[in-house]
Amino acid sequence: PFGKTALAFWRAYPSADHLQGVSVEDLTAFLQEQSHWCLGRKRAAAILALAGEQATGAYQAERDTLVRQTVAQLLYLQEAIRQADAQLDRLVGKLGQHLSTLPGVDVVQAAELLAGIGDVQRFATPDRLVRYTGIAPKEWSSAGKGHRSRSAHGRRSLHAAFFRLAVAHIQVSRHGEPRCPQSRAYYEKKLKEGKSKQAALTCLMRVLVRIVWRMLKHREPYLKLPLGTGP
């Protein structure tokens with residue numbers, strides 16, 4: 001409902017009343033222009049068929065005004081987001097970093113990681129950054145037996161950012177293709193080792209933190225090296 005074609009449609013036709021007298025050909029031409037020919041006569045005919053079944057409600061003119069005002073607000077917010085993204089792109093570019101070369105990282109996520117980590121030089125080793133994010137396992141022992149659990153400490157916003165990144169890395173498209181084959185293979189390897197899905201995802205998060213540390217430390221782009229190797 002928030003796509004370019006949908007918003008253009010609601011602005012032009014906020015209710016079924018505005019489709020009265022509109023031909024299939026006219027609506028087809030409108031949809032083709034707005035959707036760059038992704039939508040055509042079949043969709044236009046379906047819309048007009050549904051519009052013919054709608055009865056005019058009370059205060060329809062006021063409702064139409066509210067629809068158009070909502071569309072105008074959404075378009076304004078979309079433009080504001082576009083401008084903010086452009087500013088972030090320029091700022092990230094000035095830092096000379098290459099986080100956007102990492103699969104699943106766009107300019108917004110790159111800015112989020114850079115803001116959360118700050119000066120990477122304060123982390124002498126990647127493991128220190130892992131602990132800072134709260135992804136390092138917490139070890140404790142009882143009755144001579146050692147146990148490991150997730151740490152409840154660390155910067156939670158940065159932890160969440162790496163969680164979303166790890167989830168994006170193991171996603172599979174509808175065609176069965178992994179977004180990042182290396183991360184998916186590493187995740188499945190951990191599952192075969194007997195780890196739970198959450199534990200396997202946490203392992204991947206730690207690897208991604210080490211990769212990001214290396215990229216920031218040496219100002220280098222993402223290298224498709226075997227996951228699990230040292231930075």
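Leu208 is buried, at a relative accessible area of 1% (buried means under 20%, exposed over 50%, partly exposed in between, with a 1.4 Å probe and protein chains only). This is a predicted model: local features need pLDDT of at least 70, side-chain atom pairs count only at pLDDT 80 or more, and totals for chains, interfaces and linings use all residues. Residues are numbered from 1 along each chain as its sequence is written, and side-chain values use heavy atoms, with hydrogens and water left out.

**Overall fold**

- The protein has nine helices and two strands (DSSP runs numbered from the N terminus: helices are H or I with at least four residues, strands E with at least two).
- From the N terminus, the order of elements is α-α-α-α-α-α-β-β-α-α-α.
- The protein has 231 residues, and 35% of them are buried.
- Take the contacts between residues at least 6 apart in sequence: 54% of them join residues at least 24 apart (contact means heavy atoms within 4.5 Å).

**Helix H7 against helix H9**

- H7 covers residues 156–170 and H9 covers residues 197–218; they pack at about 105°, with axes 9 Å apart (axes are lines fitted to C-alpha atoms, for helices over the stretch in contact, and angles run from 0 to 180 degrees between N-to-C directions).
- That angle makes H7 roughly perpendicular to H9 (65 to 115 degrees counts as roughly perpendicular, under 35 as roughly parallel, over 145 as roughly antiparallel, and the rest as oblique).
- On the H7 side, the contact includes His159, Phe162, Phe163 and Leu165. H9 brings Leu201, Leu204, Met205, Leu208, Val209 and Val212.
- By class, the residues of the H7–H9 contact are twelve nonpolar, two polar and no charged (Ala, Val, Leu, Ile, Met, Phe, Trp, Tyr, Cys and Pro count as nonpolar, Asp, Glu, Lys and Arg as charged, and the others, Gly among them, as polar).
- Leu208 sits in helix H9. Residues up to four places away in sequence aside, Leu208 touches Phe162, Leu165, Ala166 and His169.
- Leu208 and His169 are 39 residues apart along the chain, and their C-alpha atoms are separated by 9.7 Å.

**Largest pocket**

- The largest pocket holds about 260 Å³ of space. On a 1 Å grid over the protein atoms alone, a pocket is an open set of points with protein on both sides within 12 Å along at least five of seven lines, whereas a cavity is a set where a 1.4 Å probe fits but cannot get out; lining residues have an atom within 4 Å of a point. Grid points are joined across faces, edges and corners, and a volume is the space filled by probe spheres set on the points.
- The lining of the largest pocket has 15 residues, with Trp10, Ser15, Ala16, Ala51 and Gln54 nearest the centre.
- Helix H1 (4–12) and helix H3 (41–51) each supply at least two lining residues. H3 gives the most, with three.
- The lining of the largest pocket divides into nine nonpolar, five polar and one charged.

**Cavities**

- The structure holds two cavities of 30 Å³ or more.
- The second largest cavity has a volume of about 60 Å³.
- Gly104, Val105, Gln109, Glu112, Leu113, Ala161, Arg164 and Leu165 line the second largest cavity.
- Helix H5 (107–117) and H7 each supply at least two residues of that lining.
- The lining of the second largest cavity has four nonpolar, two polar and two charged residues.

**Thr28**

- Thr28 is placed in helix H2 (residues 24–35).
- Thr28 counts as buried, because its relative accessibility is 8%.
- Neighbours within four places in sequence aside, Thr28 is in contact with Gly40, Arg41 and Ala44.
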